[in-house]
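Hi everyone, thanks for making time this morning.

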Amino acid sequence: MPLADLPIKPGSLQIRHLAKAYKPGHPVLKDINLDIDGTGLTAIIGPSGTGKSTLIRCINRLVDPSAGEIWLSVDGQRLDMARLKGGALRRSRRHIGMVFQEYNLVERLSVMENLLTGRLGYVSAWQAFRRKFPREDFDRAHELLDTVGLGAFANQRADALSGGQRQRVGIARALMQCPSVMLADEPTSSLDPKTSVEIIQLLREQGQRHNIPVVVNIHDVELARRHADRVIGMTGGEVVYDGPPSGLNGDHLDTIYGGRAWQQ
Ligand SMILES: Nc1ncnc2c1ncn2[C@@H]1O[C@H](COP(=O)(O)OP(=O)(O)OP(=O)(O)O)[C@@H](O)[C@H]1O
């Protein structure tokens with residue numbers, strides 16, 4: 001079996017009564033309850049400022065929730081991401097692969113070096129400092145680069161890549177972690193429409209290939225409708241639609257986006 005397919009253990013998320021207020025009395029997320037598992041791509045849609053990024057960032061604890069539970073299950077183990085601290089939080093984050101809107105690559109490093117940063121949670125600080133990664137990490141990185149279509153770019157500097165290529169590197173780097181769940185925070189917002197479709201399809205394919213759920217924040221309703229397996233519609237910090245793309249109708253979009261004037 002190719003190394004790129006080997007060690008990932010599928011995970012699931014159970015979110016219960018999740019709330020977040022950056023300022024007391026001004027809730028951004030209000031009582032979010034979601035179960036996310038399986039292998040499909042879940043798209044979170046909703047107007048700007050409705051809390052989509054905050055939700056994604058609470059799951060991997062880039063943002064601290066104000067209340068609620070975020071249970072990450074991996075290999076029979078259940079971890080409440082909302083409560084973990086210190087080393088336990090760092091270790092549990094390895095199970096969550098994160099893809100960002102602005103790629104978050106180290107621009108002056110090569111594609112290969114960027115991928116290897118996905119292994120930093122697994123090697124010692126001394127190994128990382130000396131860039132002494134095990135042979136398997138290099139082999140896995142090469143295979144993942146092939147699967148995201150960048151097999152010939154391992155030694156290219158990240159700042160020489162297009163936006164779409166950078167996002168492919170971002171996806172491969174997240175997969176280097178052997179994540180049990182993948183999260184992507186507006187991964188297509190900086191890309192043209194064709195590249196956006198390719199990136200969403202790639203995220204979905206990689207989720208299926210590695211047998212893990214993928215959760216993506218997205219502004220483009222049509223992209224979500226065409227390529228997601230499940231759509232979560234949010235407005236005002238609450239989930240107002242949760243179901244298949246085929247069930248999302250004009251009334252739901254009215255509720256999510258507040259009327260139809262924006263469509264004309
Ligand atoms: N670090 C922060 N400190 C204070 N307020 C914040 C912070 N991050 C986000 N907010 C506020 O929380 C609300 C929700 O923001 P969030 O980025 O989660 O929404 P979003 O739905 O992802 O929006 P967009 O689609 O525009 O990215 C907004 O009012 C935003 O100003």
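Two housekeeping points. What you see is a predicted model, in which local features need pLDDT of at least 70 and side-chain atom pairs count only at pLDDT 80 or more, while totals for chains, interfaces and linings use all residues. Residues are numbered from 1 along each chain as its sequence is written.

Now the overall picture. The chain has nine helices and ten strands; these are DSSP runs numbered from the N terminus, with helices being H or I of at least four residues and strands E of at least two. The radius of gyration is 18 Å, close to the 18 Å that the globule rule gives for 264 residues, so the chain is as compact as a globular protein of that length. That radius is taken over C-alpha atoms, and the rule is 2.2 Å times the number of residues to the power 0.38. Along the principal axes, the C-alpha atoms fill a box of roughly 55 × 40 × 35 Å.

How much of the chain is buried? Buried residues make up 39% of the 264. Here buried means that 20 or more other C-beta atoms lie within 10 Å of the residue's own, exposed means 12 or fewer, and partly exposed is in between, with C-beta atoms placed from the backbone. As for contacts (C-beta atoms, placed from the backbone, within 7 Å), take those in the chain with a separation of 6 or more: residues 24 or more positions apart account for 69% of them.

On to the sheet of four strands. This sheet is open, its order is β2-β1-β4-β5, and the pairing is antiparallel; two strands pair if DSSP finds at least two bridges between them. β2 (26–36) and β5 (77–80) stand at the edges with a single partner strand each, so one side of each has no neighbour in the sheet. On average, neighbouring strands here are turned by 20° against each other, direction ignored. Helix α1 (residues 52–59) packs on this sheet, where the helix touches β1 (11–23), β2 and β4, and its direction makes about 60° with that of β2. For those angles, axes are lines fitted to C-alpha atoms, for helices over the stretch in contact, and angles run from 0 to 180 degrees between N-to-C directions.

Strand β4 (residues 67–74) pairs with β5 in the antiparallel sense over four bridges. Tryptophan 71 has aspartate 80 of β5 as its bridge partner, and leucine 72 stands opposite leucine 79 in β5. The hairpin of these two strands has two residues between them, and there aspartate 75 takes a positive phi near 55°.

Which strand here is largely enclosed by the rest of the structure? That is β7 (residues 181–185): five of its five residues are buried, so the strand is largely enclosed. In a regular strand the side chains alternate between the two faces of the sheet. In β7, Val181, Leu183 and Asp185 point one way and Met182 and Ala184 the other, all of them buried. β7 runs parallel to β6 (residues 96–100), joined by five bridges, and also parallel to β8 (residues 214–217), joined by three. Leucine 183 stands opposite methionine 98 and opposite valine 215 in β8.

Now the ligand. Which residues are around it? They are Tyr22, Val28, Gly46, Ser48, Gly49, Thr50, Gly51, Lys52, Ser53 and Thr54, counted when the C-beta atom, placed from the backbone, lies within 6 Å. α1 gives the most to this shell, with three residues.

Arginine 61 is not a glycine, yet has a positive phi of about 65°. This arginine 61 sits in the loop between α1 and β4, and with 19 C-beta neighbours inside 10 Å it counts as partly exposed. Tyrosine 103, also not a glycine, has a positive phi of about 70°. Tyrosine 103 is in the loop between β6 and α3 (111–116), and its 21 C-beta neighbours inside 10 Å make it count as buried.

How values were computed. Two residues are in contact if their C-beta atoms, placed from the backbone, lie within 7 Å.
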